[in-house]
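Work through the exercises below with the model open beside you. Try each task before reading its solution.

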Amino acid sequence: MSRTGILQVLISKTALALILLGLTACNFPFTEKPAGETQTPPVNSLVESFPIDPLFKDFYEYLGGEAVLGAAISPAIPLGNIQSQYLESALLLYDPLATESDRFTLAPLGVYLGISEEPLPDPGQPEVRYTNGHVIYDEFVPFYEQLGGARFVGRPLTEARHNPAKLRIEQYFENLGFYRLQGDPPGKVRLIAYGAYSCDQRCRHPSVASSIPSLHGFLPGPFAKTASFLGLGFTGLTLSEPYRNREGQMEVIFQNLVMVLEPEQVGQAAASQYSIRLLLPAVFFGDRPAAPASAPSLAERLWVPLSLRVGLSSATATPGGLPVVEIETAETTFLVSFKPIVEILGILRQPPVREKADPLLVFYPTGEGKGYHVPVYFDQYLRRYGGSAVSGDPITEAFPISGGIFRQCFINLCLDFDPGAPAGRQLRPAPLGAEYEARFHLDTGTGWKADRQGPVQLKVWEDQAFVPPWEGPVIYAGLSQAGQPLGGRKLELTLTLPDNSRQAHALPQTDSQGQTSIRLPAIQAPNGTLVPYWVCLAEGTGANTCIEDHYLIWNYP
């Protein structure tokens, strides 16, 4: 029997129309109130805060007030029967027609902003909080519960992910967004500025740069999807931007492993394909012995990546004339691969050993009756994250290292087992990616390290880390001195094109917040092309105030 199947899903035209209507209706801020009736500040002024409307005062204080949600940045705004008021991190809503317990809510600004990731199946680990297809980051769980859980925070829209551009770990929920800066003490959680970002120029609230939402991914599709699948706890922090290594591959370094991708692979996935995953019972393959006869627990099941192609069928329709969506699934593998960094870092392959009968060990044969033994606990852990497709086969037995920790190395990574660690954290990939980054990363771009100290501080960032060849990025720059913004200053940008020619662009003068921006022209170039640029202060200051950075051309759905 073929492993390719066809599923048919009925889509109601009425349902589609309601969805579209809902999307357009989401543009509710300030739209239903006639001009002149709101206390909207002038577009070019900055407003620190408004008083909380008495209607929302108790609800606001119940959720923690200004210390948690930030200040109010708009007056109360009527939307028909509903009252609303923007906070820096949220939008308060009051619906007098709802049941008493549901009259005060937070608007789903995360949904309105279009933030989402594909859901993942339940990992079946009792120590994690899983809802709506995503695992809530363990350091965020107490704050999530403190704010009322799904009732007020909403359900998670993404996995927790590392945002190296803002030096934070972030996770987006329907109504609020959470983040913690890399230097924050354990348990310190902050809120992303959903409200200020959504209200935009109508509020003109000067939010802290680290709190601004990141609507665009900071990794190209194949890397981002694989990192989401594996999770932050497995990959560790993102240590590099995508760059072309000496072998011509696109490479991204994570704290625990390194992902690589052949540039020509990007074109192999059509724009209509998406990645989904199913849970199947855990089994051993090939020459390995079968799994125990007892039914496997959910935690012992295996993630199986599948590709999904969706398209409308023009030849098929229901008797009522409703369209039919055909979904074709087929088994596939990770589009990215994992670099064999273990031996690159000088960890020697041990000679294989004879198999020994031990129910607590899984034998990986290498031939001639020899191979390597992997503890069942290690093997089950790896199979939850893609198995040998991610780790590669073992190259050592488990062996002790300092601090009472046991390590076993595979082709692409090593696992460390710390029996003294808390439950659920005893087994983790070793941070070999960090060692690889320190020793072998040859990328010369400053990228996420663009903030330099000096008499005048210049910061540079893009609206998205990678852009398609038909669209130019927006480059932002911020200028300050002794912590104060420098307005009315001129900056110049020099762009190096793929043919090594250069283009000069003058940025508008910095505004009262010391910021300016420019949209660069589109560049037709192959996937994986790095486009370097320099941003410099155009006026003589007695110091060479310049930043070198680059962005990546990448066309991937």
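**Exercise 1. A ring cluster**

Task: Find the residues that ring pairs link into a cluster.

Solution. The cluster holds Phe 56, Phe 59, Tyr 62, Tyr 94, Phe 104 and Phe 152. Ring pairs link them. Keep in mind that this is a predicted model.

**Exercise 2. The overall make-up**

Task: State how many helices and strands the protein has, and what share of its residues counts as buried.

Solution. Step one: the protein has 12 helices and 34 strands. Step two: it has 557 residues, and 46% of them count as buried.

**Exercise 3. Two disulfides**

Solution. Step one: the structure holds two disulfides. Step two: Cys 409 and Cys 414 form one of them, with sulfur atoms 2.1 Å apart. That is within the 2.5 Å cut-off. Step four: check burial. The cut-off for buried is under 20% relative accessible area. Cys 409 is at 0%, so it is buried. Cys 414, at 0% relative accessibility, is buried too.

Step five: turn to Cys 536 and Cys 546. They form a disulfide with sulfur atoms 2.1 Å apart. This link is right-handed, with 115° about the S-S bond. The pair links distant parts of the chain, 10 residues apart: Cys 536 is in strand S33 (residues 529–537) and Cys 546 in strand S34 (residues 546–553). Both Cys 536 and Cys 546 are buried.

**Exercise 4. Aromatic pairs**

Task: Classify the ring pair of Phe 378 and Phe 417, then the pair of Tyr 436 and Phe 440.

Solution. Step one: the count comes to 18 aromatic pairs. Step two: the ring centres of Phe 378 and Phe 417 are 6.2 Å apart. Their planes meet at 45°, so the pair is tilted. Phe 378 lies in helix H10 (residues 376–383) and Phe 417 in strand S24, so the pair ties together parts 39 residues apart in sequence. Phe 378 has a relative accessible area of 5%, so it is buried.

Step four: Tyr 436 and Phe 440 also form a tilted pair, 5.5 Å centre to centre and 40° between the planes. Both lie in helix H12 (residues 432–440), four residues apart, about one turn of the helix. Tyr 436 is buried, at 4% relative accessible area, whereas Phe 440 is partly exposed, at 31%.

**Exercise 5. A charge over a ring**

Task: Which ring does the charged end of Arg 168 sit over?

Solution. The ring belongs to Tyr 179. The charged end of Arg 168 is 5.2 Å from the ring centre.

**Exercise 6. A sheet and its helices**

Solution. Step one: the strand order is S12-S13-S14-S18, with antiparallel pairing. Step three: look at one pairing. Two bridges join S12 to strand S13 (residues 250–253). Arg 244 has Met 250 in S13 as its bridge partner. Helix H7 (residues 221–230) lies across S13, strand S14 (258–261) and S18, at about 145° to S14. H12 packs on the sheet too, touching S12, S13 and S14, and its direction makes about 120° with that of S13.

**Exercise 7. A hairpin**

Task: How many bridges join strand S20 to strand S21?

Solution. Step one: six bridges join S20 (residues 361–367) to S21 (residues 370–375), and the strands run antiparallel. Step two: Gly 367 has Lys 370 in S21 as its bridge partner. Step three: the two strands form a hairpin with two residues between them. In the turn, Glu 368 has a positive phi of about 60°.

Technical notes. Residues numbered from 1 in each chain as written. Predicted model: local features only at pLDDT ≥ 70, side-chain atom pairs only at ≥ 80, totals over all residues. Heavy atoms only, no water. Buried < 20%, exposed > 50% of the residue type's maximum accessible area, 1.4 Å probe, protein only. Phe/Tyr/Trp six-rings, centres within 6.5 Å; stacked < 30°, edge-to-face > 60°. Lys NZ or Arg CZ within 6 Å of the ring centre and 35° of its normal. Pairing = 2+ DSSP bridges. Contact = heavy atoms within 4.5 Å. Axes fitted to C-alpha atoms, helices over the stretch in contact; angles between N-to-C directions.
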